[in-house]
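I opened this model to look up its pockets, its charged pairs and a few backbone details. My entries follow in the order in which I made them.

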Amino acid sequence: MSFIPFKLAISAEMVFLDLPFTERVKRIHALGFSVEIWNWTTKDIQALVATGADFTSMTGYISGNLTDPEDIQQLLDSAQESLAVAAQLGCPSLNLHGTGLGDQGLPVKPVAQTTGRMWLSACKTLEKIARLGEDAGRVFLLENLNTEVDHPGTPFARADDTLALIEAVGSPHLKMNLDLYHAQIGEGNLIELIQRAGNAIGEIQVADVPGRMEPGTGEIHYRAIARALFGMGYSGVVGLEGWASGDSEVALERFRQAFTLDG
């Protein structure tokens with residue numbers, strides 16, 4: 001008998017692009033998936049609540065970064081605002097990056113090299129973020145990104161970087177959003193990476209390489225990834241954050257099948 005041991009979620013930002021955003025959410029929900037969103041400030045939150053969809057993740061800040069004194073407070077303030085929206089949506093997890101991202105996913109303040117002082121500052125800022133999450137009963141997720149293709153100039157981008165920061169903070173309210181698309185481009189050895197991250201993982205995000213489309217369109221063996229996750233006892237969210245190679249509904253079904261295991 002086949003079964004799915006994970007909660008499968010879809011980024012509404014990247015599929016059913018011909019539909020208004022709230023209609024995308026309704027379609028994803030109707031197909032039996034949970035929903036993820038990015039910048040909540042551009043959304044009709046009450047309309048999203050009214051869809052009845054299960055929201056698993058949303059962007060957890062509006063502006064700011066982890067290291068610059070004038071930007072840290074912006075990050076903390078906007079994280080607090082995001083927590084209020086997460087409460088409205090019933091969304092348990094809020095996503096962060098190593099720095100604020102602007103147009104086309106490029107960092108607002110690109111960094112050529114991270115210094116020791118920046119690492120210490122990032123750790124202290126994330127400790128404060130984790131306390132905000134604890135007070136609100138939510139979890140912040142720090143996502144790894146690739147700097148080779150999509151996000152050049154982003155500090156703390158590699159999965160090794162995000163894992164090091166999360167382990168240094170040591171809070172159940174700060175976990176890793178392990179994006180395997182980004183990790184494949186930047187690091188590879190995905191199953192070993194998953195096993196090394198272990199309990200630090202708060203979510204797995206997926207898309208295939210190259211192209212950032214649904215599983216089965218590229219080089220990543222996602223059926224093997226699914227077996228490895230199940231074997232280590234992971235039963236949390238696996239989110240498709242990728243474009244549809246063709247019809248969105250077909251792409252979502254391919255994603256579902258990639259994470260369906262045989263009993």
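**Entry 1: pockets**

By class, I find nine nonpolar, 18 polar and nine charged residues in the lining of the largest pocket, where Ala, Val, Leu, Ile, Met, Phe, Trp, Tyr, Cys and Pro count as nonpolar, Asp, Glu, Lys and Arg as charged, and the others, Gly among them, as polar. I note at once that this is a predicted model, in which local features need pLDDT of at least 70 and side-chain atom pairs count only at pLDDT 80 or more, while totals for chains, interfaces and linings use all residues. Residues are numbered from 1 along each chain as its sequence is written, and side-chain values use heavy atoms, with hydrogens and water left out.

The largest pocket is lined by 36 residues, and those nearest its centre are Trp38, His97, Leu101, Gly102 and Gly105. Two elements give two or more residues each to this lining, strand S4 (55-59) and helix H3 (69-89), and S4 gives the most, with three residues. Helices (H or I, at least four residues) and strands (E, at least two) are DSSP runs numbered from the N terminus. I recorded about 860 Å³ of space for the largest pocket; a volume is the space filled by probe spheres set on grid points, which are joined across faces, edges and corners. A pocket here is an open set of points on a 1 Å grid over the protein atoms alone, where a 1.4 Å probe fits, with protein on both sides within 12 Å along at least five of seven lines, and lining residues have an atom within 4 Å of a point.

For the second largest pocket I noted about 160 Å³ of space. Its lining has 17 residues, with Thr147, Thr154, Ala157, Arg158 and Asp161 nearest the centre, and divides into six nonpolar, seven polar and four charged.

**Entry 2: salt bridges**

How many salt bridges does a search of the whole structure find? I get 12, a salt bridge being a side-chain nitrogen of Lys or Arg within 4 Å of a carboxyl oxygen of Asp or Glu.

Lys7 and Asp54 meet through their side chains in one of these, at 3.1 Å from N to O. Lys7 lies in strand S2 (residues 7-11) and Asp54 in the loop between helix H2 (45-50) and S4, so this pair ties together parts that are 47 residues apart in sequence. Lys7 is partly exposed, with a relative accessible area of 38%, and Asp54 is likewise partly exposed at 31%; buried means under 20%, exposed over 50% and partly exposed in between (1.4 Å probe, protein chains only).

Glu13 and Lys43 form a salt bridge in which the closest N and O atoms are 3.1 Å apart. Glu13 is in the loop between S2 and helix H1 (21-30) and Lys43 in the loop between strand S3 (34-36) and H2, so the pair ties together parts 30 residues apart in sequence. Both Glu13 and Lys43 are buried.

Arg256 and Glu253 also meet in a salt bridge, at 3.1 Å from N to O, and both lie in helix H9 (residues 248-258), three residues apart, about one turn of the helix. I also logged Asp68, Glu70, Asp71 and Lys109, which are joined into one network by salt bridges that share partners.

**Entry 3: buried aspartates**

Which side chain of opposite charge is nearest to Asp150? It is Arg212, 4.5 Å away, and Asp150 is buried yet has no salt bridge; Lys and Arg count as positive and Asp and Glu as negative, while His and the chain ends are not counted. Asp150 lies in the loop between strand S6 (139-143) and helix H5 (159-169). Its side chain makes a polar contact of 2.7 Å with that of Asn146 and another of 2.7 Å with that of Tyr181. A polar contact is a pair of N or O atoms within 3.5 Å; within protein, one must be able to donate a hydrogen and the other to accept it, and residues adjacent in sequence count only if both atoms are side-chain atoms.

Asp208, in the loop between strand S8 (201-206) and helix H8 (222-231), is also buried without a salt bridge, and the nearest side chain of opposite charge, Arg254, is 9.5 Å away. The side chain of Asp208 reaches the backbone nitrogen of Glu219 at 3.2 Å.

**Entry 4: backbone details**

Val209 and Pro210 are joined by a cis peptide bond, with omega about -5°. Arg212, in the loop between S8 and H8, has a positive phi near 55° although it is a residue other than glycine.
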